[in-house]
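Visitor: I have just opened this model and would like to learn how to read it. Could you take me through some of its features one by one?

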Amino acid sequence: MAPSVLFFRDARSAADLRDTTDARATDQPRRDEPWRVLLHNDDYTPAEYVVKILREVFRLGLFKATTAMLRAHIAGIAPVGSFPKDEAHRLIAIAHDRARSDGWPLRLSAEPGESG
Ligand code: TYC
């Protein structure tokens with residue numbers, strides 16, 4: 001009995017060692033970790049336009065889009081939602097392209113983390 005217990009303990013130690021030497025388990029964020037998209041206020045973009053972008057690009061419902069727009073308008077910044085990193089940046093680029101071509105300075109950014 002004793003040797004198999006020792007073997008089991010050794011196997012667990014090996015797995016633990018592998019975890020701590022895996023770069024993703026230490027300082028590298030995982031590819032599928034959520035990124036929080038943030039909406040920034042400005043003095044020029046019309047409120048209705050912000051809501052339209054949040055609905056059409058980020059697929060927010062009317063209530064969530066309006067709440068995020070008002071929160072950014074009042075507090076300066078508001079979370080829009082969490083997405084995989086690449087998707088967050090893809091959606092922000094679409095929103096920025098649309099806003100620039102319509103002549104508005106609307107700005108969004110992303111950072112690692114869950115929203116809400
Ligand atoms: N502050 C803008 C205005 O008064 C509206 C606005 C809200 C703009 C939120 C950007 O992220 C924003 N027209």
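Predicted model: local features only at pLDDT ≥ 70, side-chain atom pairs only at ≥ 80, totals over all residues.

**Reading the fold from the inside**

Visitor: Which residues is F58 in contact with?

Guide: A contact is a pair of heavy atoms within 4.5 Å. Setting aside neighbours within four places in sequence, F58 is in contact with V37, I53, V80, F83, L91, I92, A95 and L108.

Visitor: How many helices and strands does the protein chain have?

Guide: Helices (H or I, at least four residues) and strands (E, at least two) are DSSP runs, numbered from the N terminus. The protein chain has four helices and three strands, and from the N terminus on they follow the order α-β-α-α-β-α-β. Of the 116 residues in the chain, 28% are buried. If you take the contacts between residues at least 6 apart in sequence, 72% of them join residues at least 24 apart.

Visitor: How many aromatic pairs are there?

Guide: A pair of aromatic rings is described by how far apart the centres are and by the angle between the planes. Rings of Phe, Tyr and Trp (its six-membered ring) pair if their centres lie within 6.5 Å; planes under 30 degrees apart are stacked, over 60 edge-to-face, and the rest tilted. The structure holds two such pairs. One is formed by Y49 and W104, tilted, with 6.5 Å from centre to centre and 50° between the planes. Y49 sits in helix α2 (residues 47-56) and W104 in the loop between α4 (85-101) and β3 (107-112), so this pair ties together parts that are 55 residues apart in sequence. Y49 counts as buried at 10% relative accessibility, whereas W104 is partly exposed, with a relative accessible area of 28%.

Visitor: And what angle lies between the planes of F58 and F83?

Guide: Their planes are 55° apart, which makes this aromatic pair tilted, and the centres are 6.0 Å apart. The pair links distant parts of the chain, 25 residues apart: F58 in the loop between α2 and α3 (62-75), and F83 in strand β2 (residues 77-84). F83 is buried too, with a relative accessible area of 15%.

Visitor: Which residues of α2 are buried?

Guide: In α2, Y49, V50, V51, I53 and L54 are buried. What covers them includes β1 (34-40), α3, β2, α4 and β3. T45 lies in the loop between β1 and α2 and is buried, with a relative accessible area of 10%.

Visitor: How many residues does the largest nonpolar core have?

Guide: In soluble globular proteins, nonpolar side chains tend to be buried together. A nonpolar core is a set of buried Ala, Val, Leu, Ile, Met, Phe, Trp, Tyr and Cys residues joined through side-chain atoms within 4.5 Å. The largest one here has 25 residues, and V37, L39, L54, F58, V80, L106 and L108 have the most contacts inside it. β1, α2, α3, β2 and α4 each supply at least two residues of this core.

Visitor: What does H96 touch?

Guide: Beyond four places in sequence, H96 touches L106, R107 and L108. H96 has its place in helix α4 and is buried, with a relative accessible area of 18%. H96 and L106 are 10 residues apart along the chain, and their C-alpha atoms are separated by 6.9 Å. I94 is also found in helix α4, but I94 counts as partly exposed at 33% relative accessibility.

Notes
Residues numbered from 1 in each chain as written. Heavy atoms only, no water. Buried < 20%, exposed > 50% of the residue type's maximum accessible area, 1.4 Å probe, protein only.
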